[in-house]
Amino acid sequence: MKIEINRTSMQQQQLHARLMKCLSCSHSHLPLPPPRPPPFYSLQRFASSQPKGVAKVILKKGKTQLFKDGSPMVYSGAIDRIIGRPPPKTGDIVLVADGTEKPIGWGLYNSVSMFCVRLMQLEEEATRDPSCALDMEKLLETRINAAVELRRGLGLPSATTNAYRLVNSEGDRLNISFANWMLLLHCRLSGLIVDVFGDLAVVASSAAWVETYKSKVKACISSIDEINHIHWRPSVEILKEEGMDAADLKELHPSTCPQRTKVIENGISYAISLEGQKTGFYADQRENRMFLSTISHGQRVLDVCCYSGGFALNAAKGGAMSITGVDTSLPALELARENIALNNLDPEKTSFLREDATVFMKGALSRNDSWDIVILDPPKLAPRRKCFRHV
């Protein structure tokens, strides 16, 4: 019985060898098996391979989770100590680490700004895509391309909308679930906003690093098929607090793109002045404006701080009974009236008043005026550094 078992085992081995030989002859054209996955790389290993070394910013106890959860701006009050000799200079790439000195991500250092570090990539992101680790130019290219693909996946631009936000500073971090898979898209670039208006891109810069990498940002945006013009708008007062000299923010070669353009959003046409507020148009409010148009039929609508009439126009398109727009800017109100005419809307149903919002509301209260829908989108309420509390 023992001999029989051994014989069977030998027969099986011979059969296996003949099968393998047959397979190697008849299927030699088949592709090789995929290579093994690359070894695990951590930010610490990447940093140690840098010729100049990378400084490490250590966070205070209890502050780490805030930044792991997505806040990209590291305040000076969140920092315990900095390891590195010589200490990092403004614009240097640094590691951001927890109290045990384990890196949680990397970013760009600023010795002057209240945001000492702008986090660019977390440890798990760098592990997933090591090609961008500690490489700002590569990261810019990757994230702007990701932003383009994300917007195209949302149908932007389209026949009814060619005005949209392409890069949304620290607001670009989206979770999209599909078929039980979680796709985490990181297009976030803190301090950089890019709005697209037809073939024109307006870049709003509010961080020193954006000015440092200005040529790369422009190159990435210029590579987008539909973009023919780029208008650069530095936020001068904010950039001064970032340590930038106002003289350095002047364009050596002034932009030749037009100062006015026309766009379409959700089927509504808008005239835009590039000398207006922010990028010239609040592209991030598209969904809110569209929602307003669905609830405005037969309503009395008040649009406070109306700017060029984005919400007012959507209310009018939605069949509002009457619309009142209030703003202190005469150029903005002139644009709003132009936009009413541009869309062939009834000017009798819409009035735009040049008045301070607080004064107007106090007067409305004394007159017992009321509206069915009120939109209030005021300017920022903490415009100075002293208004912020460090984390």
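Visitor: How many nonpolar, polar and charged residues does the lining of the second largest pocket have?

Guide: Please note at the outset that the model is predicted. The lining of the second largest pocket has nine nonpolar, three polar and four charged residues. That makes a lining of 16 residues, and Lys52, Gly53, Val54, Asp92 and Ile93 are those nearest the pocket's centre. The space in this pocket comes to about 430 Å³.

Visitor: How many cavities of 30 Å³ or more does the structure hold?

Guide: A cavity is a space in which a 1.4 Å probe fits but from which it cannot get out. The structure holds one cavity of 30 Å³ or more. The volume of the largest cavity is about 40 Å³.

Visitor: Which residues line the largest cavity?

Guide: Its lining consists of Val148, Arg152, Leu156, Tyr164, Leu166, Val196, Ile224, Glu226 and Ile227. By class, seven of the lining residues are nonpolar, none is polar and two are charged. Helix H5 and strand S7 (163-168) each contribute at least two residues to this lining.

Visitor: Let us turn to the sheets. In which order do the strands of the six-stranded sheet lie?

Guide: The order is S2-S6-S5-S4-S1-S3; the sheet is open and its pairing is mixed. Strand S2 (73-75) and strand S3 (79-83) are the edge strands, and each has a single partner, so one side of each lacks a neighbour in the sheet. From one strand to the next, the twist averages 35°.

Visitor: In which sense do S2 and strand S6 pair?

Guide: S2 pairs with S6 (residues 115-122) in the antiparallel sense, over three bridges. Within this pairing, Val74 is opposite Val117 in S6. Helix H5 (residues 136-153) packs on the sheet and touches strand S4 (93-97), strand S5 (103-109) and S6. The direction of H5 makes about 65° with that of S6.

Visitor: Which strands stand at the edges of the four-stranded sheet?

Guide: This open sheet has the order S7-S10-S11-S12, with mixed pairing. S7 and strand S12 (229-234) stand at the edges; each has a single partner strand, so one side of each is without a neighbour in the sheet. The twist here averages 20° from one strand to the next. Strand S11 (residues 200-205) pairs with S12 in the parallel sense over six bridges, and the bridge partner of Val203 in S12 is Trp232.

Visitor: Where are cis peptide bonds found?

Guide: One joins Arg85 and Pro86, with omega about -5°; Pro86 lies in the loop between S3 and S4. Another joins Leu156 and Pro157, with omega also about -5°, and Pro157 is in the loop between H5 and S7.

Visitor: What is the value of phi at Leu134?

Guide: Phi of Leu134 is near 60°, a positive value in a residue other than glycine. Leu134 is located in the loop between helix H4 (123-128) and H5.

Note on methods
Residues are numbered from 1 along each chain as its sequence is written. This is a predicted model: local features need pLDDT of at least 70, side-chain atom pairs count only at pLDDT 80 or more; totals for chains, interfaces and linings use all residues. Side-chain values use heavy atoms; hydrogens and water are left out. Two strands pair if DSSP finds at least two bridges between them. Axes are lines fitted to C-alpha atoms, for helices over the stretch in contact, and angles run from 0 to 180 degrees between N-to-C directions. Contact means heavy atoms within 4.5 Å. On a 1 Å grid over the protein atoms alone, a cavity is a set of points where a 1.4 Å probe fits but cannot get out, and a pocket is an open set with protein on both sides within 12 Å along at least five of seven lines; lining residues have an atom within 4 Å of a point. Grid points are joined across faces, edges and corners, and a volume is the space filled by probe spheres set on the points. Ala, Val, Leu, Ile, Met, Phe, Trp, Tyr, Cys and Pro count as nonpolar, Asp, Glu, Lys and Arg as charged, and the others, Gly among them, as polar.
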